[in-house]
Amino acid sequence: MQYSPISIQIPISFLRHHDAIHTMKKTKIIIAGGGFAGLYAAKYLDKRLARRPDIEVTLISRENFILFTPMLHEVAAGDLSPTDIVNPLRRILRHVNVVQADIQAIDLTTKKIRCVAGVRNMELEFEFDHLLLTIGSETNFFDLQGVRDWAVTMKSLSDAALLRNRMVELLEEASLEKDEATRRELLTFVTAGGGFAGIETTGAINDFVRETVKFYPSLREETIRVVVVHPGKFLLPELGEELGRYAEQKLSKRKVEIIKGVRVAGYDGSVVKLTDGTSIRATTLIWTAGVKPSAAIESLGCKKERGRLLVNEYLSVPGVSGLWAAGDCAAVPSGEVGQFWPPTAQHGLREAITAAKNIEAAIVGRPLKPFVFTTLGQLATIGRRTGVAMIFGFKFSGLIAWAMWRSIYLMKLPRLAKKLRVMMDWTLDLLFGREIVQMITLHDVQALSDRLARIRAQTKRGSEEQTSLATNVRSS
């Protein structure tokens, strides 16, 4: 039995349409920065534009996860595990391309962005039609002598984990030390800055070291010294004087020293120098006294306001087609003459969503919409189930403010799995107390540094050999 071949005729119009999909020029949208602002912009575009075959959306982030920074101090204090407050970007974004890389330069003329990635410093280059800058901010050390080299910062997950390890390491070392003065220096912690990051970190570490020292029979709690250096007249100036004074009172009762009206002038790893001429012998200086826009912003020839890119009410940079900015790196006008929205997470993520909507509007031909927002409020914890908050103009303090802080930020934490893990850790902490183990020892850090150095050296030798081979081929 013979079968005749089946002939299928495909319309020419279909073939042309199919070829057109593969040959059409895609509109390329790049989001630079994977913080709160970058993620929320990417989430919006992931649902609205990234599925379209004629549009390509790429998120470039230094890390492959989103860090929930409001809970960073709880990692330092041992209340939470580092993995509790991070979420993989690739599990959140299904249609947006995620690239883990460091941004090196942005060329607005050719509309290209240059990055490096991996331990081999692989060079990458991306073209864009629309670029949304959500790079965030960097720690500002104000060129103070020794501070950059010796101070501990609280900007990243590794900062929090290393601070926790440092506290345990210092307790272990102090327990072996015979000299009382040296013990005091080892167990003296100075925080530079009395804003949200400084006060929340101070309250957390003060609780940790004072609750942990009881497991070291050779140490006394009186040996511990925790100090806050703040240039203002009261702590937490964002919340007003009343709540700032309350925070100061509570911290003082918990044996935290508050030094106001002065700044840190320098640090050499053992002595913190203050602007009034006094000094404090301390092995740990925690620096939370200032931030500045990313270095990638500085090279852009656009108008800036205190280092931040000046944008209009639509979040676009005037005079530069296709350039948008939101979050810490953007100066967004608030509607009042000469006033700008503060660089906080609640403002940044909403700015980013507005920017993403306006990028969509620019592509599909709809009118742009201005950024409009009413500040909801601000909250801070100051240790030991105590907090301060201002919500819609109403002030709260004590246990109720602390409970509000935990409830609100738990709701904001991305993904249900992470919410459940945080709830479980908080419950275990209430029942059994904090863990005092070191997650990474000094030997581990040294071994990792040596391994990375060997990888880089091997990569460099391989690159030099390839360059030499190419030169020999050309000469022959």
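Mentor: A salt bridge is a side-chain nitrogen of Lys or Arg within 4 Å of a carboxyl oxygen of Asp or Glu. By this rule, the structure has 19 salt bridges. It is a predicted model with residues numbered from 1 along each chain as its sequence is written, and side-chain values use heavy atoms, leaving out hydrogens and water. Local features need pLDDT of at least 70 and side-chain atom pairs 80 or more, while totals for chains, interfaces and linings use all residues.

Trainee: What makes Arg220 and Glu222 a salt bridge?

Mentor: Their side chains meet at 3.7 Å, N to O, and the rule asks for within 4 Å, so the pair counts.

Trainee: How do you know whether Arg220 is buried, partly exposed or exposed?

Mentor: We use relative accessible area: buried is under 20%, exposed is over 50%, and partly exposed is in between (1.4 Å probe, protein chains only). Arg220 has 44%, so it is partly exposed. Glu222 has 51%, so it is exposed.

Trainee: Which salt bridge does Glu248 form, and what makes it count?

Mentor: Glu248 pairs with Lys260, with the closest N and O atoms 3.1 Å apart. Glu248 lies in helix α9 and Lys260 in strand β14, so the pair ties together parts 12 residues apart in sequence. Helices here are DSSP runs (H or I, at least four residues), and strands are too (E, at least two), numbered from the N terminus. Glu248 is at 16%, so it counts as buried, whereas Lys260 has 29% and is partly exposed. Salt bridges that share partners also join Glu180, Arg183, Arg220 and Glu222 into one network.

Trainee: Which parts of the chain does the pair of Arg62 and Asp102 link?

Mentor: The closest N and O atoms of Arg62 and Asp102 are 3.0 Å apart. Arg62 sits in the loop between β2 (55-61) and β3 (65-67), and Asp102 in strand β6 (residues 102-107), 40 residues apart. Arg62 is exposed at 57%; Asp102, at 29%, is partly exposed.

Trainee: What makes β7 and β8 a pair?

Mentor: Two strands pair if DSSP finds at least two bridges between them. Strands β7 (residues 112-117) and β8 (residues 122-127) have 6 bridges and run antiparallel.

Trainee: Why are β24 and β26 called edge strands?

Mentor: The open sheet runs β24-β25-β26, with antiparallel pairing. β24 (377-381) and β26 (394-398) each have a single partner strand, so one side of each is left without a neighbour in the sheet.
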